[in-house]
Protein chains: 2
Amino acid sequence: MKINTKFPMAVHILALLAMKDEMGEDCGCMQEEEREGGRGDCGCHSSGNEGCSCTSEMLAKSIGTNPVVVRRLISSLKEAGLVNCRPGVAGASLGRDASQITLLDVYRAVRGQEDGMVLDVHTKACPRCPVGKNITAALEEPFARAQEAMEEKLREYTLSDIAFSIEEKRKK
Amino acid sequence: MKINTKFPMAVHILALLAMKDEMGEDCGCMQEEEREGGRGDCGCHSSGNEGCSCTSEMLAKSIGTNPVVVRRLISSLKEAGLVNCRPGVAGASLGRDASQITLLDVYRAVRGQEDGMVLDVHTKACPRCPVGKNITAALEEPFARAQEAMEEKLREYTLSDIAFSIEEKRKK
DNA sequence: TAAACCTGTAACTATAATTGTTACAGGAGG
DNA sequence: CCTCCTGTAACAATTATAGTTACAGGTTTA
C-alpha cells in the first residue's frame with residue numbers, strides 16, 4: 001500500500017451506495033451471483049432476497065478491509081454531507097444524488113484535515129542558507145497550482161460517471 | 001515527513017547548482033554569511049574565498065539530510081540528464097540551462113520508477129462483487145487525467161523560475 | 001424490556017514505505 | 001601515495017498508514 005487508499009476506498013463505498021439506490025434494495029451483488037451461479041465470497045452478497053443493506057461489514061468485505069475502516073471513512077463522508085447514516089441503524093445512503101457528488105468532494109472529505117497536498121515539501125532545510133531559507137516558500141506556489149489543477153480535474157467526474165463506468169465494464 | 005520529500009529535495013539541489021552557476025564559484029552562501037556577520041551552521045558555507053564546490057556533504061547540510069541521500073538523488077538526476085557529475089571529482093553541475101529544466105523533469109526523474117501516481121487505488125477489492133471487480137478500472141481514467149493535469153502544471157515552472165523566486169525572497 | 005445487531009470511536013498493533021546511516025570499493029588529483 | 005570524493009549496497013530507524021480489538025451507546029424486534 002502506498003499513500004491514501006482512503007480515497008479510492010471512499011469512492012468504492014459511495015459507488016456501492018449509488019448502485020444500491022439505482023437498483024432498489026439489491027445492490028447488484030445478487031444479479032452477479034445469479035449470473036455466475038454460485039455464492040460469492042465477498043459477503044456483500046446477502047443470503048436471501050432482501051438485498052444489500054450496506055452495513056459496514058458488507059461494505060468492508062466488498063472493499064477488502066475491516067468494518068472499522070469503513071466506519072471511519074463513512075464518518076468523514078457523513079461530515080461532508082455525502083452520506084446519511086445513524087447510530088444503531090444498519091446501512092448508509094447517499095447524502096445527495098450521485099450526479100451531485102464529484103470525486104473532488106470525496107477527495108476533500110477523506111484527505112487528512114491538515115494541508116493534504118499531494119506534493120510535499122521538505123522541512124529541515126538549513127535556515128541560514130539563502131537557498132535553504134527560501135526554497136520552501138519558493139515551492140509553495142507551484143505546488144499549490146499543481147494541486148489545484150489536479151483537484152479541478154477531479155471535479156469533472158461525478159459518482160454517476162463512476163457508477164456508469166462500473167456498469168459498462170460489468171456488462172462486458 | 002510524508003510522501004516524496006525526494007522531489008522538493010531534488011529541486012533544492014538543482015536550485016543550489018543553478019545559483020552557483022549564476023554567481024560563479026560562489027553559490028551565494030558567502031554573501032549571506034557576510035551580511036549576517038557570522039558563520040552559518042549549515043556547512044554549505046565554505047571557509048575561505050574559494051566558494052561553494054557543491055559536494056554532496058555541503059548540499060546535504062543545506063537540505064538538512066545525509067550526503068548519501070543527496071548522492072542517490074543526484075544519481076537519479078544524472079540519469080535524467082539534469083546534472084553532470086563524475087566519480088571521484090567533487091561537485092556537480094546542471095546538465096543544461098536552468099531555463100530548460102522544468103519541475104516536471106525533476107518530478108519524473110526522482111519519482112519511483114513504477115507507476116508513480118499521486119492518487120492510488122486500493123488493491124484488495126473483492127473480485128466477485130460487481131463493484132469490487134470493476135472499481136479499479138473505473139478509477140483508472142479519472143486518476144490518470146488528474147495526474148496529467150498536475151504534471152502539466154509542473155511543466156509550466158522552470159528551475160530559473162524557482163531560482164528567481166528564491167532571489168526575490170532573499171532580498172526582502 | 002431483553003436480546004441481537006448495528007454504529008461510532010478510542011486505543012493499540014501491525015505493516016509497509018520512506019528516510020537515514022554505516023561501510024566500503026574505486027576514481028581523481030595534488 | 002595520501003586524501004577526498006562519488007557511487008552503491010546493505011542495513012537500521014522512523015514514520016505514516018492500515019488493521020484490529022474493545023466497548024459504549026443507539027435501534028429494532030420479538
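Let me open with a pair of helices in chain B, α4(B) and α5(B), whose crossing is right-handed. Please keep in mind throughout that what we are looking at is a predicted model. Helix α4 of chain B covers residues 67–79 and helix α5 of chain B covers residues 103–110, and their axes come within 8 Å of each other while crossing at roughly 115°. On the α4(B) side the contact is made by L73(B), S76(B) and L77(B), and on the α5(B) side by V106(B), A109(B) and V110(B). If we sort the residues of this contact by class, we find five nonpolar and one polar, with no charged residue.

Let me turn now to a contact that involves both chains. Here helix α7 of chain A, residues 159–171, packs with helix α6 of chain B, residues 130–155, at an angle of about 120°, and the two axes are 8 Å apart. Because angles of 65 to 115 degrees count as roughly perpendicular and those over 145 as roughly antiparallel, α7(A) and α6(B) are described as oblique to each other. The crossing of α7(A) and α6(B) is, once again, right-handed.

Which residues of α7(A) and α6(B) meet? From α7(A) there are I162(A), S165(A), I166(A), K169(A) and R170(A), and they meet P130(B), V131(B), N134(B), I135(B), A137(B), A138(B), L139(B) and P142(B) of α6(B). Taken by class, this contact of α7(A) with α6(B) has nine nonpolar residues, together with two polar and two charged ones.

Let me step back to chain A as a whole, which has seven helices and two strands. If we consider the contacts in chain A between residues at least 6 apart in sequence, 62% of them join residues at least 24 apart.

Is T158(A) buried or exposed? The relative accessible area of T158(A) is 16%, and because buried means under 20%, T158(A) counts as buried. Leaving aside residues up to four places away in sequence, T158(A) touches A98(A), S99(A), I101(A) and T102(A).

Note on methods:
Residues are numbered from 1 along each chain as its sequence is written. Chains are lettered from A and ligands numbered from 1 in the order in which they are written. This is a predicted model: local features need pLDDT of at least 70, side-chain atom pairs count only at pLDDT 80 or more; totals for chains, interfaces and linings use all residues. Side-chain values use heavy atoms; hydrogens and water are left out. Axes are lines fitted to C-alpha atoms, for helices over the stretch in contact, and angles run from 0 to 180 degrees between N-to-C directions. Helices (H or I, at least four residues) and strands (E, at least two) are DSSP runs, numbered from the N terminus. Angles under 35 degrees count as roughly parallel, over 145 as roughly antiparallel, 65 to 115 as roughly perpendicular and the rest as oblique. A crossing is left-handed if the near helix is turned anticlockwise from the far one by less than a right angle, and right-handed if clockwise. Contact means heavy atoms within 4.5 Å. Ala, Val, Leu, Ile, Met, Phe, Trp, Tyr, Cys and Pro count as nonpolar, Asp, Glu, Lys and Arg as charged, and the others, Gly among them, as polar. Buried means under 20% relative accessible area, exposed over 50%, partly exposed in between (1.4 Å probe, protein chains only).
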